[in-house]
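The sequence and model come next.

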Amino acid sequence: MDEHRAAVAPDAALASIISTILVIAGGQNIGAGIALAIPLAAAGQVLTIIVRTITVAFQHAADKAAERGNLNGITVIHIAALLVQAMRVAIPAVIVAVSVGTAGVHALLNSIPEVVTGGLNIAGGMIVVVGYAMVINMMRAGYLMPFFYLGFVTAAFTNFNLVALGVIGVVMAVLYIQLSPKYNKSQVVQANPAGANDLDNELD
(Lines give C-alpha, C1' and ligand atoms only; values in the text may rest on other atoms or scores of the structure.)
Protein backbone atom coordinates (compact mmCIF):
# COMPACT_ATOMS: atom_id res chain seq x y z
CA MET A 1 0.00 0.00 0.00
CA ASP A 2 1.21 3.49 -0.79
CA GLU A 3 2.34 5.24 2.38
CA HIS A 4 0.64 8.47 1.34
CA ARG A 5 -2.75 6.78 1.28
CA ALA A 6 -2.34 5.77 4.92
CA ALA A 7 -1.42 9.27 6.08
CA VAL A 8 -3.53 10.79 8.86
CA ALA A 9 -3.86 14.55 9.10
CA PRO A 10 -3.27 16.36 12.41
CA ASP A 11 -6.38 16.61 14.55
CA ALA A 12 -7.65 20.17 14.07
CA ALA A 13 -10.80 19.59 16.15
CA LEU A 14 -9.01 18.49 19.32
CA ALA A 15 -6.33 21.16 18.93
CA SER A 16 -8.79 24.01 18.43
CA ILE A 17 -11.05 23.04 21.36
CA ILE A 18 -8.31 22.43 23.94
CA SER A 19 -6.24 25.45 22.88
CA THR A 20 -9.37 27.62 23.13
CA ILE A 21 -10.00 26.36 26.67
CA LEU A 22 -6.42 27.05 27.71
CA VAL A 23 -6.30 30.50 26.13
CA ILE A 24 -9.58 31.58 27.72
CA ALA A 25 -8.54 30.23 31.12
CA GLY A 26 -5.16 31.93 30.88
CA GLY A 27 -6.39 35.18 29.33
CA GLN A 28 -3.90 34.98 26.47
CA ASN A 29 -3.99 36.13 22.85
CA ILE A 30 -4.55 34.30 19.58
CA GLY A 31 -0.84 33.73 19.01
CA ALA A 32 -0.57 31.70 22.20
CA GLY A 33 -3.57 29.64 21.10
CA ILE A 34 -1.96 28.84 17.75
CA ALA A 35 1.30 27.93 19.49
CA LEU A 36 -0.59 25.46 21.67
CA ALA A 37 -2.68 24.13 18.81
CA ILE A 38 0.29 22.83 16.81
CA PRO A 39 1.54 20.24 19.37
CA LEU A 40 -2.03 19.43 20.39
CA ALA A 41 -2.88 18.63 16.78
CA ALA A 42 0.06 16.23 16.63
CA ALA A 43 -1.08 14.55 19.85
CA GLY A 44 -4.61 14.33 18.51
CA GLN A 45 -3.25 12.64 15.42
CA VAL A 46 -2.18 9.69 17.59
CA LEU A 47 -5.65 9.52 19.15
CA THR A 48 -7.19 9.59 15.68
CA ILE A 49 -5.14 6.57 14.61
CA ILE A 50 -6.15 4.66 17.76
CA VAL A 51 -9.85 5.47 17.33
CA ARG A 52 -9.86 4.58 13.64
CA THR A 53 -8.24 1.27 14.50
CA ILE A 54 -11.03 0.61 17.01
CA THR A 55 -13.74 1.51 14.49
CA VAL A 56 -12.55 -1.28 12.20
CA ALA A 57 -14.48 -3.65 14.48
CA PHE A 58 -17.61 -1.55 13.88
CA GLN A 59 -17.13 -1.87 10.13
CA HIS A 60 -16.95 -5.67 10.32
CA ALA A 61 -20.04 -5.70 12.53
CA ALA A 62 -21.85 -3.53 9.97
CA ASP A 63 -20.86 -5.95 7.20
CA LYS A 64 -22.34 -8.86 9.14
CA ALA A 65 -25.52 -6.88 9.81
CA ALA A 66 -25.78 -6.09 6.09
CA GLU A 67 -25.46 -9.79 5.23
CA ARG A 68 -28.39 -10.52 7.54
CA GLY A 69 -30.38 -7.60 6.14
CA ASN A 70 -30.50 -5.91 9.54
CA LEU A 71 -30.88 -2.24 8.60
CA ASN A 72 -31.58 -1.15 12.18
CA GLY A 73 -28.37 -2.83 13.29
CA ILE A 74 -26.39 -0.97 10.64
CA THR A 75 -27.88 2.31 11.86
CA VAL A 76 -26.99 1.56 15.49
CA ILE A 77 -23.44 0.55 14.57
CA HIS A 78 -23.02 3.69 12.47
CA ILE A 79 -24.16 5.95 15.32
CA ALA A 80 -21.98 4.07 17.83
CA ALA A 81 -18.91 4.55 15.64
CA LEU A 82 -19.67 8.27 15.40
CA LEU A 83 -19.98 8.47 19.19
CA VAL A 84 -16.54 6.88 19.55
CA GLN A 85 -15.15 9.54 17.22
CA ALA A 86 -16.88 12.26 19.25
CA MET A 87 -15.49 10.91 22.53
CA ARG A 88 -12.01 11.22 21.03
CA VAL A 89 -12.42 14.99 21.29
CA ALA A 90 -14.90 15.33 24.16
CA ILE A 91 -13.06 13.29 26.81
CA PRO A 92 -9.66 15.05 26.52
CA ALA A 93 -11.39 18.44 26.38
CA VAL A 94 -13.38 17.75 29.56
CA ILE A 95 -10.28 16.45 31.35
CA VAL A 96 -8.33 19.58 30.45
CA ALA A 97 -11.19 21.91 31.39
CA VAL A 98 -11.68 20.25 34.79
CA SER A 99 -8.12 19.47 35.83
CA VAL A 100 -6.08 22.40 34.59
CA GLY A 101 -6.01 25.36 36.98
CA THR A 102 -5.59 29.01 36.10
CA ALA A 103 -2.12 29.22 37.64
CA GLY A 104 -0.92 26.23 35.67
CA VAL A 105 -2.29 27.65 32.45
CA HIS A 106 -0.56 30.98 33.08
CA ALA A 107 2.74 29.21 33.72
CA LEU A 108 2.36 27.10 30.58
CA LEU A 109 1.46 30.00 28.32
CA ASN A 110 4.08 32.33 29.74
CA SER A 111 6.74 29.73 28.99
CA ILE A 112 6.13 30.16 25.25
CA PRO A 113 8.81 32.47 23.77
CA GLU A 114 7.61 35.90 22.71
CA VAL A 115 9.17 35.43 19.28
CA VAL A 116 6.90 32.43 18.68
CA THR A 117 3.72 34.13 19.88
CA GLY A 118 4.54 37.32 17.95
CA GLY A 119 5.10 35.43 14.72
CA LEU A 120 1.94 33.42 15.20
CA ASN A 121 -0.03 36.63 15.86
CA ILE A 122 1.11 37.89 12.46
CA ALA A 123 0.13 34.56 10.92
CA GLY A 124 -3.27 34.83 12.60
CA GLY A 125 -3.81 38.21 10.94
CA MET A 126 -2.89 36.73 7.57
CA ILE A 127 -5.45 33.96 8.08
CA VAL A 128 -8.21 36.60 8.11
CA VAL A 129 -7.01 37.96 4.77
CA VAL A 130 -6.85 34.46 3.32
CA GLY A 131 -10.41 33.85 4.55
CA TYR A 132 -11.71 36.92 2.71
CA ALA A 133 -9.80 35.86 -0.41
CA MET A 134 -11.42 32.42 -0.26
CA VAL A 135 -14.88 34.00 0.05
CA ILE A 136 -14.24 36.22 -2.97
CA ASN A 137 -12.90 33.25 -4.94
CA MET A 138 -15.98 31.14 -4.12
CA MET A 139 -18.41 33.91 -5.05
CA ARG A 140 -16.95 34.45 -8.54
CA ALA A 141 -19.88 36.73 -9.36
CA GLY A 142 -19.23 40.33 -10.29
CA TYR A 143 -22.83 41.38 -9.73
CA LEU A 144 -22.58 40.31 -6.06
CA MET A 145 -19.34 42.14 -5.29
CA PRO A 146 -21.05 45.47 -4.40
CA PHE A 147 -22.94 43.64 -1.65
CA PHE A 148 -19.70 42.08 -0.43
CA TYR A 149 -17.91 45.42 -0.14
CA LEU A 150 -20.97 47.09 1.38
CA GLY A 151 -21.18 44.38 4.03
CA PHE A 152 -17.46 44.67 4.77
CA VAL A 153 -17.67 48.46 5.21
CA THR A 154 -20.83 48.18 7.33
CA ALA A 155 -19.24 45.62 9.64
CA ALA A 156 -15.98 47.56 9.92
CA PHE A 157 -17.35 51.06 10.58
CA THR A 158 -20.50 50.37 12.60
CA ASN A 159 -21.30 48.75 15.93
CA PHE A 160 -23.89 46.35 14.54
CA ASN A 161 -23.74 42.83 15.95
CA LEU A 162 -23.97 39.65 13.89
CA VAL A 163 -27.75 39.41 14.27
CA ALA A 164 -28.27 42.92 12.91
CA LEU A 165 -25.86 42.32 10.03
CA GLY A 166 -27.63 39.05 9.22
CA VAL A 167 -31.03 40.74 9.15
CA ILE A 168 -29.69 43.49 6.88
CA GLY A 169 -28.22 40.87 4.58
CA VAL A 170 -31.49 38.94 4.34
CA VAL A 171 -33.48 42.12 3.63
CA MET A 172 -31.07 43.18 0.89
CA ALA A 173 -31.15 39.70 -0.64
CA VAL A 174 -34.96 39.74 -0.73
CA LEU A 175 -35.00 43.22 -2.27
CA TYR A 176 -32.43 42.19 -4.86
CA ILE A 177 -34.45 39.14 -5.89
CA GLN A 178 -37.66 41.19 -6.11
CA LEU A 179 -36.13 44.03 -8.13
CA SER A 180 -33.65 42.20 -10.32
CA PRO A 181 -34.86 41.54 -13.89
CA LYS A 182 -32.92 38.29 -13.76
CA TYR A 183 -35.50 36.83 -11.36
CA ASN A 184 -38.53 38.72 -12.69
CA LYS A 185 -38.64 38.04 -16.39
CA SER A 186 -41.99 39.23 -17.67
CA GLN A 187 -43.67 36.72 -19.89
CA VAL A 188 -45.20 38.40 -22.91
CA VAL A 189 -48.45 36.75 -23.88
CA GLN A 190 -48.95 36.94 -27.60
CA ALA A 191 -52.61 37.26 -28.54
CA ASN A 192 -53.83 35.11 -31.39
CA PRO A 193 -55.20 37.02 -34.36
CA ALA A 194 -58.95 37.00 -34.78
CA GLY A 195 -58.75 34.89 -37.91
CA ALA A 196 -56.94 32.13 -36.06
CA ASN A 197 -59.61 31.72 -33.41
CA ASP A 198 -61.69 28.62 -34.19
CA LEU A 199 -64.67 29.87 -32.20
CA ASP A 200 -64.73 33.14 -34.12
CA ASN A 201 -64.55 31.23 -37.39
CA GLU A 202 -67.53 29.10 -36.41
CA LEU A 203 -69.56 32.18 -35.44
CA ASP A 204 -68.72 33.82 -38.74
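## Largest pocket

The largest pocket holds about 370 Å³ of space. The search runs on a 1 Å grid over the protein atoms alone, and a pocket is an open set of points with protein on both sides within 12 Å along at least five of seven lines. Lining residues have an atom within 4 Å of a point. Grid points are joined across faces, edges and corners, and the volume is the space filled by probe spheres set on the points.

The lining is made up of 14 residues, and the closest to the pocket centre are Phe-147, Leu-165, Ile-168, Gly-169 and Met-172. Helix 6 and helix 7 are the elements that give two or more residues to this lining. Helix 7 supplies the largest share, nine residues.

## Model and fold

This is a predicted model, in which local features need pLDDT of at least 70 and side-chain atom pairs count only at pLDDT 80 or more, while totals for chains, interfaces and linings use all residues. Residues are numbered from 1 along each chain as its sequence is written, and side-chain values use heavy atoms, with hydrogens and water left out.

The protein chain has eight helices and zero strands, where helices (H or I, at least four residues) and strands (E, at least two) are DSSP runs numbered from the N terminus. Of its 204 residues, 21% count as buried. Buried means under 20% relative accessible area, exposed over 50%, and partly exposed in between (1.4 Å probe, protein chains only).

## Aromatic pairs

Two aromatic pairs are found in the structure. Rings of Phe, Tyr and Trp (its six-membered ring) pair if their centres lie within 6.5 Å; planes under 30 degrees apart count as stacked, over 60 as edge-to-face and the rest as tilted. The ring centres of Phe-147 and Tyr-176 are 5.4 Å apart with planes at 80 degrees, so this pair is edge-to-face. It links distant parts of the chain, with Phe-147 in helix 6 and Tyr-176 in helix 7 (residues 162-179), 29 residues apart. Phe-147 is partly exposed at 32% relative accessible area, and Tyr-176 is partly exposed at 23%.

Phe-148 and Tyr-149 also form an edge-to-face pair, because their ring centres are 5.5 Å apart and their planes lie at 75 degrees. Phe-148 counts as buried at 16% relative accessibility, whereas Tyr-149 is partly exposed at 48%.

## Nonpolar surface patch

Val-128, Tyr-132, Phe-152, Val-153 and Phe-157 form a nonpolar patch on the surface, together with about 520 Å² of accessible area. Helix 5 (114-139) and helix 6 (145-157) are the elements that give two or more residues to the patch. Helix 6 gives the most, three residues. Val-128 is found in helix 5 and is partly exposed, with a relative accessible area of 48%.

Patch residues have over 30% relative accessible area and no salt bridge; nonpolar side chains (Val, Leu, Ile, Met, Phe, Trp, Tyr) are joined within 5 Å, and like charges within 9 Å. Areas come from the Shrake-Rupley method with a 1.4 Å probe, and for residues only the protein chains shown count as cover.

## Salt bridge

A salt bridge is a side-chain nitrogen of Lys or Arg within 4 Å of a carboxyl oxygen of Asp or Glu. The count comes to one: the side chains of Asp-11 and Arg-88 meet at 2.1 Å, N to O. Asp-11 lies in the segment before helix 1 (12-26) and Arg-88 in helix 3 (residues 71-99), so the pair ties together parts 77 residues apart in sequence. Asp-11 is buried at 6% relative accessible area, and Arg-88 is buried at 14%.

Technical notes:
1 Å grid on protein atoms, 1.4 Å probe; cavity = no way out; pocket = protein on both sides within 12 Å on 5 of 7 lines; lining within 4 Å.
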